[in-house]
Amino acid sequence: MWNPFDKIKRKLTGTPEPAAAAVKMSPEAASAVTPEGMPDLKELEKKGMLSQFFRHWKNPAFLKQLKAIAARMQAEGVNIKDQKAVMAWVTAHEKEIAEGKIEAPAADKPQTFVKTGPEIGRNDPCTCGSGKKFKKCCGATA
């Protein structure tokens with residue numbers, strides 16, 4: 001069964017990577033996999049394996065890496081709901097994922113507001129040119 005985050009999980013938990021021929025599933029887990037290769041959560045729950053399936057999701061480092069991968073995929077325009085697009089992206093970035101070098105794209109800094117002119121005081125003459133004080137003219141409505 002293909003799992004795009006399996007390598008990250010193994011790296012964070014410290015478990016060795018299995019050889020390609022040695023990858024085996026328990027019969028219970030194998031029967032809970034849909035034809036698309038995704039686990040059927042209802043079947044896992046019936047067999048009492050749901051807690052094992054989600055146990056690694058409690059690891060904050062794993063969650064941080066998953067969020068970084070998802071943000072990077074979204075920044076690069078990958079449709080996360082399309083399994084083939086995700087698989088293609090993961091295979092293209094397999095080395096970075098295995099090394100844990102995937103970083104979330106930096107958020108754009110908000111622009112600082114800069115005043116272009118001096119601030120008008122209440123007792124200054126109005127900018128409309130009426131000759132009145134700002135507080136009696138245009139400042140009265142503000």
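Guide: A residue counts as buried under 20% relative accessible area and as exposed over 50%, and as partly exposed in between, with a 1.4 Å probe and protein chains only. This is a predicted model, in which local features need pLDDT of at least 70 and side-chain atom pairs count only at pLDDT 80 or more, while totals for chains, interfaces and linings use all residues. Residues are numbered from 1 along each chain as its sequence is written, and side-chain values use heavy atoms, with hydrogens and water left out.

Visitor: What does the secondary structure of the protein come to, in helices and strands?

Guide: Helices (H or I, at least four residues) and strands (E, at least two) are DSSP runs, numbered from the N terminus. Read from that end, the elements run α-α-α-α-α-α-α, and the protein comes to 7 helices and 0 strands.

Visitor: In which helix is confidence highest?

Guide: The predictor's confidence in each residue, pLDDT, runs from 0 to 100, and the protein averages 76, with 75% of the residues scoring at least 70. Residues 20-24 stay under 50, and the model has 1 contact for them beyond four places in sequence, where contact means heavy atoms within 4.5 Å. Where pLDDT is low, the predicted coordinates should not be read in detail. Confidence is lowest in helix α2 (residues 27-31), at a mean of 57, whereas the highest mean, 88, belongs to residues 83-92, which form helix α6.

Visitor: Are α5 and α6 roughly parallel or roughly perpendicular to each other?

Guide: Their axes, which are lines fitted to C-alpha atoms over the stretch in contact, with angles from 0 to 180 degrees between N-to-C directions, come within 12 Å and cross at roughly 105°. The contact is made by I69, R72 and M73 of α5 and by V86, W89 and V90 of α6. Angles under 35 degrees count as roughly parallel, over 145 as roughly antiparallel, 65 to 115 as roughly perpendicular and the rest as oblique. The two helices are therefore roughly perpendicular.

Visitor: How many disulfides does the structure hold?

Guide: A disulfide is a pair of cysteine sulfur atoms within 2.5 Å. For C126, which is buried at 7% relative accessibility, the closest cysteine sulfur is that of C138, 3.4 Å away and so too far for a bond. For C137, partly exposed with a relative accessible area of 21%, the closest is in C128, at 3.5 Å, again too far. The number of disulfides in the structure is 0.
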